[in-house]
Amino acid sequence: MTRETKSAGIAWPVRCVECGKGNVAPTAAPGRTTRYKILADLTVPDDLEIPTCDACGMEWIDQPAAEAVDAALEPVYQRRLRQLASAYLEQLAEQRVTQQRLEKLLGLSQGYLSKIRSGASNPSPMLVSALGLLTIDPERRLREVEESFAAA
Amino acid sequence: MVLMRTVYDVFSTRVEALRWVRGVIADLRPADFAHTVELEVHVADVYGFVVGDNGWYLKLTMTEDADGSFVLVISCHPLQYPLSTQGGRISP
């Protein structure tokens, strides 16, 4: 019988096709990192079980595993974005760039950046990217943005 | 369907990767077939196809669990080298 989509998942363990020696079964392990959305090296929760070969270490991602990995990584991803945004905002504050000025230039509602710093809001990856770019020579870049908007 | 070696930096999430590869497999044509390769305990089929301006490489096989057989996608990533398929040569 061939199943196009095994929504209920695989009946583990399965012999590994990669090495032909090990068995693949859901496995939890510390020290794993992976790409998720725009971030390249997010830490995978130690207790998250991912189908993995016990001989070669190859991971097998079926639908339930994909959903579990994505669900586990999303809060890690949001936390990392908040950390990055807060770090960039701190750097900008050290260079005397006010949050009010940033909120006005980036089209954000007043107080939004404070919410991000306090963990009450999650920044978009685009906002984090913009903040990161602004930390490099911020006064010049902010002036360029202000001038481009003024000329528009 | 199960994904093994897939370039996750091309996709936003694992679920998106699965959905995309499932769509690719549904759209495969005989002309996309390149060749068969022997693995440790299986044989696998290699396909090449083009998405936009980019050639892609797909290697899949069938394997089994206790409930029956399923598609195992061994590799799915942008082409690194030109690939000859039944329909012609595909470039990275």
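Glu139(A) counts as partly exposed, at 37% relative accessibility. The model is a predicted one. In it, the side chain of Glu139(A) meets that of Arg101(A) in a salt bridge, with N to O at 3.1 Å. The pair joins distant parts of the chain. Glu139(A) sits in helix α5 of chain A, residues 138-151, and Arg101(A) in helix α2 of chain A, residues 99-105. The two are 38 residues apart.

Over all chains, the count of salt bridges comes to seven. One of them pairs the side chains of Asp41(A) and Arg80(A), at 3.6 Å from N to O. This pair, too, links distant parts of the chain. Asp41(A) lies in strand β4 of chain A, residues 39-43, whereas Arg80(A) lies in helix α1 of chain A. They are 39 residues apart. Asp41(A) has a relative accessibility of 44% and is partly exposed. Arg80(A) has 24% and is partly exposed.

Chain B supplies a further example. Asp32(B) forms a salt bridge with Arg29(B), and their closest N and O atoms are 2.8 Å apart. Asp32(B) is buried, with a relative accessibility of 6%.

Between chain A and chain B, the count of salt bridges is zero. Polar contacts do cross the interface of chain A and chain B: nine residue pairs are found, with both residues at pLDDT 80 or more. The area buried between chain A and chain B is about 2,600 Å². Carbon and sulfur atoms give 56% of that area.

The largest nonpolar core has 44 residues. Those with the most contacts inside this core are Leu102(A), Leu3(B), Leu58(B) and Val73(B). α1(A) provides the largest share of the core, ten residues. Leu102(A) is in contact with Leu89(A), Leu92(A), Val97(A), Leu113(A), Leu131(A), Leu134(A) and Leu142(A), leaving aside its neighbours within four places in sequence. A second core is separate and has 15 residues. Among them are Cys16(A), Trp60(A), Leu72(B) and Ile74(B).

Ile50(A) gives a local view of chain A. This residue lies in strand β5, residues 50-53. Ile50(A) is buried, with a relative accessibility of 3%; the class requires a value under 20%. Not counting residues up to four places away in sequence, Ile50(A) touches Ala25(A), Pro26(A), Thr27(A), Arg32(A), Val44(A), Glu59(A), Ile61(A) and Val69(A). Pro26(A) is 24 residues away along the chain, yet the C-alpha atoms of Ile50(A) and Pro26(A) are separated by 4.9 Å.

Definitions and conventions
Residues are numbered from 1 along each chain as its sequence is written. Chains are lettered from A and ligands numbered from 1 in the order in which they are written. This is a predicted model: local features need pLDDT of at least 70, side-chain atom pairs count only at pLDDT 80 or more; totals for chains, interfaces and linings use all residues. Side-chain values use heavy atoms; hydrogens and water are left out. Buried area is the accessible area (1.4 Å probe) that two parts lose on being put together, summed over both. A salt bridge is a side-chain nitrogen of Lys or Arg within 4 Å of a carboxyl oxygen of Asp or Glu. A polar contact is a pair of N or O atoms within 3.5 Å; within protein, one must be able to donate a hydrogen and the other to accept it, and residues adjacent in sequence count only if both atoms are side-chain atoms. Helices (H or I, at least four residues) and strands (E, at least two) are DSSP runs, numbered from the N terminus. Buried means under 20% relative accessible area, exposed over 50%, partly exposed in between (1.4 Å probe, protein chains only). A nonpolar core is a set of buried Ala, Val, Leu, Ile, Met, Phe, Trp, Tyr and Cys residues joined through side-chain atoms within 4.5 Å. Contact means heavy atoms within 4.5 Å.
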